[in-house]
Amino acid sequence: MLENFIPYSTQSINQDDEMAVIESLHSSHLTQGKYLIEFENTIAKFLQTQHAVCFNSATSALYVAFRIIKELVLEKETSLKKYGHLDALQKILYLKDRDNFHFAHNHKTISILTTPISFVATTNMMLENDITPIFGDICMDGNLKLEGLESLLRDDTVAICSVDYAGNSVDMEAFREFATKHNLLWISDSSHAFGGSFNGKKAGTLADIGIFSFHAVKSITTCEGGALVSENAFFAHIASLICSHGIVKKTLYNHDCITLGFNFRLNEIGARLGLSQLQRIESFLTKREEIARFYDKYFKDNPYFFTPKNHSSVISTRHLYPLLLDSSLTCKKEAIANELVQNHVGVQVHYKPIYNFSLYQPFNYPILRNAEDFYHAELSIPCHQNMTIGIAKKVADTILSVFEKYAKK
Ligand SMILES: *Cc1c(COP(=O)(O)O)cnc(C)c1O
């Protein structure tokens, strides 16, 4: 048995991070200061994207992304007046010379194509904006399946929202093509994939809006935090307005409030910690990859579960290491998971298909075959930067022995 409990994921904080946090505490500003600006600029540079706006969580950033879509579609006229960027808005409304862009239509409702295999915040933030999620099925790597998605498009579908499951980027080129072909905006919930890439391009950055989380278990942390990134200055501008009360400053005290905003800001302590963590991200991702490759080899040809293979164009952040149980064992998964936890191996299931939650019952969503099978088969096991190969071996041995026991039962 392992001496200490090994969580499926956790943060890594070293002395540099500690010093960084203390430094920020002694700064003249604890909020709205230089570290936030520096963190946003550093994120944009790291991701090679034009704009990055930080938030107190990815959930807040998702809310804002969908709110932007809602305002542009349902409140087109008022948005034009409110934000006053007529040229920029026209460009978005008739995106990149696409003919008959959906936003040019007069919609009364909005729907967005998305995946049921995500953290519930992805679609909760659509509901908060009166947007209906339409769930497509998934591939066996846990990512939204583009094939067949066309048939789910409705007249009021204006966007697609993908999730980079486990840190494994969706095929960004295929999603870009799909979005362009169907005149959709593309939101990438890349909360698992900060630092990952597809064909050399950072995950989330081919989308119209990319969302990242800096929650403690994600690839880098600000304790709580998130970011919205975009190539589009207008999106970034509205995002920072909604993030901070919708206020624009004119002179020293003559401010104006031009849209309904919130206080979704990331504070200076979080921003400073994020800057320090960003210095360490390569070592985090390398370590996670090392653990994952060890598992890949160690579990090869075992009779109990499969380990999903990543696309060769993808560099995953390995946010999760998912096992997919053989169908003969899925009915024993709960007992197996409990026994692993008793043996100090932290496991979790990612995710119950969102349409199964009580909150989503009134929509009467159809059951999706792959999503259901995935949920029943999936078990995430420890994979993070605080592990050593020695610990990974102990975890792997514990897993194999527990599975062996239940396979015989
Ligand atoms: C973690 C996560 C979120 C929410 O992130 P917070 O920063 O905790 O708000 C949203 N979507 C996905 C896919 C996530 O994994």
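Predicted model: local features only at pLDDT ≥ 70, side-chain atom pairs only at ≥ 80, totals over all residues.

Residues are numbered from 1 along each chain as its sequence is written, and side-chain values use heavy atoms, with hydrogens and water left out.

Helix α1 spans residues 15-25, and in it Asp17, Ala20 and Ser24 are buried, where buried means under 20% relative accessible area, exposed over 50%, and partly exposed in between, with a 1.4 Å probe and protein chains only. Helices here are DSSP runs of H or I with at least four residues, and strands are runs of E with at least two, numbered from the N terminus. Seen down the axis of α1, the buried residues fall within an arc of 60°, so they line one face of the helix; the arc is taken from the directions from the helix axis to the C-beta atoms. On the face turned away from that buried side, α1 carries the exposed residues Gln15 and Met19.

Turning to the rings, Lys202 has its charged end over the ring of Phe46, 4.9 Å from the centre, and Lys333 lies over the face of Tyr375, at 5.6 Å from the ring centre. The criterion is NZ of Lys or CZ of Arg within 6 Å of the ring centre and within 35 degrees of the ring normal.
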